[in-house]
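These are my notebook entries on one chain.

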Amino acid sequence: MMELCALFPPEWLRGKAKETELIKRERKIDPVYMFWSLSIGYGVFLHRTLAALKRDYERYSNQILSDSSWYYRFTPELVAFLRECVVRGVEYSAQEPGRTLSDRLSVFEDVVIQDSTVVRLHSKLAKIWPATRSRKVAAGVKISVLTSAVACSPKSVALFSEKTNEIKTLRIGPWIKDRILLIDLGFYKYQMFTRIKENGGYFVSRLKSNANPLIIETHRTCRGRS
């Protein structure tokens with residue numbers, strides 16, 4: 001908790017609240033208490049009501065709020081404020097030393113893993129995020145995550161339509177240099193493998209059942225006909 005308090009000091013939170021226009025002039029709502037009420041107010045619960053979060057705020061701040069003072073703060077400005085807080089937390093995590101690779105992998109900068117998952121949304125969002133292979137009206141979004149083994153945290157998170165092909169969720173560039181990319185068969189494409197090699201990177205993938213590779217070199221010596 002002490003580390004979180006140091007990461008989000010009151011002066012930084014109040015400054016970001018003014019920058020994102022969450023707070024335009026000083027009133028009853030203090031962005032510091034609001035941030036902590038929303039960030040740790042959930043505890044072990046998956047769902048909390050606005051009324052319950054309001055009671056948390058009143059307990060932390062020792063103030064009594066009217067319902068309108070609390071409810072009317074849930075605006076796009078609050079979203080922008082919380083987004084800035086998340087970015088600060090992610091950047092802080094990326095700066096930590098994290099893990100180190102084993103001796104066998106020490107010649108590489110990092111091991112990164114790319115994968116995607118589909119999250120089902122409310123059916124009213126079907127026009128914006130249409131689902132695939134659904135017999136009824138449904139909505140879904142594909143969340144693509146690139147995770148670093150060294151940083152022990154995501155390096156990038158992106159949202160795509162559920163219909164988006166896996167191969168289109170990953171862009172290979174200079175960032176792959178001296179890194180090993182772990183991918184599944186959804187990313188199996190020889191053009192991608194070529195781009196990885198051209199950018200000085202490496203990859204690990206399963207082979208498709210119809211693949212017929214030519215082994216040009218072995219890095220292990222085994223007995224018999226292994």
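This is a predicted model: local features need pLDDT of at least 70, side-chain atom pairs count only at pLDDT 80 or more; totals for chains, interfaces and linings use all residues.

Entry: I looked up the UniProt record, an unreviewed entry, which places the feature "domain: Transposase IS4-like" at residues 109–216. Over residues 109–216 I find 8% helix and 35% strand.

**Entry: K142.** Is K142 buried or exposed? Its relative accessibility is 8%, and since buried means under 20%, I record K142 as buried. I then listed its contacts beyond four places in sequence; among them are S116, T117, V118, F160, T164 and E166. A polar atom of the K142 side chain lies 2.7 Å from the backbone oxygen of T164.

Which residue forms a salt bridge with K142? The partner is E166, with the closest N and O atoms 3.4 Å apart. K142 lies in strand β2 and E166 in the loop between β3 (153–161) and β4 (179–182), so this pair ties together parts that are 24 residues apart in sequence. E166 is buried as well, with a relative accessible area of 16%.

**Entry: the salt-bridge network.** My search of the whole structure returned eight salt bridges. Salt bridges that share partners join K16, E19 and E84 into one network. I took the links of this network in turn.

The side chains of K16 and E19 meet at 3.2 Å, N to O. These two are three residues apart in helix α2 (residues 10–19), and therefore about one helical turn separates them. K16 is buried, at 15% relative accessible area, whereas E19 is exposed, at 54%.

K16 also forms a salt bridge with E84, at 3.5 Å, N to O. Because K16 lies in helix α2 and E84 in helix α6, the pair ties together parts that are 68 residues apart in sequence. I record E84 as partly exposed, at 28% relative accessibility.

**Entry: the nonpolar patch.** Which residues make the nonpolar surface patch? I find L50, Y71, Y72 and F74, with an area of about 410 Å². F74 sits in the loop between α5 (67–71) and α6 (76–95). With a relative accessibility of 32%, F74 counts as partly exposed.

Technical notes: Residues are numbered from 1 along each chain as its sequence is written. Side-chain values use heavy atoms; hydrogens and water are left out. UniProt positions are given in the numbering used here, feature names are shortened, and annotations may be inferred rather than shown by experiment. Helices (H or I, at least four residues) and strands (E, at least two) are DSSP runs, numbered from the N terminus. Patches are made of residues with over 30% relative accessible area and no salt bridge: like charges are joined within 9 Å, nonpolar side chains (Val, Leu, Ile, Met, Phe, Trp, Tyr) within 5 Å. Accessible areas come from the Shrake-Rupley method with a 1.4 Å probe; for residues, only the protein chains shown count as cover. A salt bridge is a side-chain nitrogen of Lys or Arg within 4 Å of a carboxyl oxygen of Asp or Glu. Buried means under 20% relative accessible area, exposed over 50%, partly exposed in between (1.4 Å probe, protein chains only). A polar contact is a pair of N or O atoms within 3.5 Å; within protein, one must be able to donate a hydrogen and the other to accept it, and residues adjacent in sequence count only if both atoms are side-chain atoms. Contact means heavy atoms within 4.5 Å.
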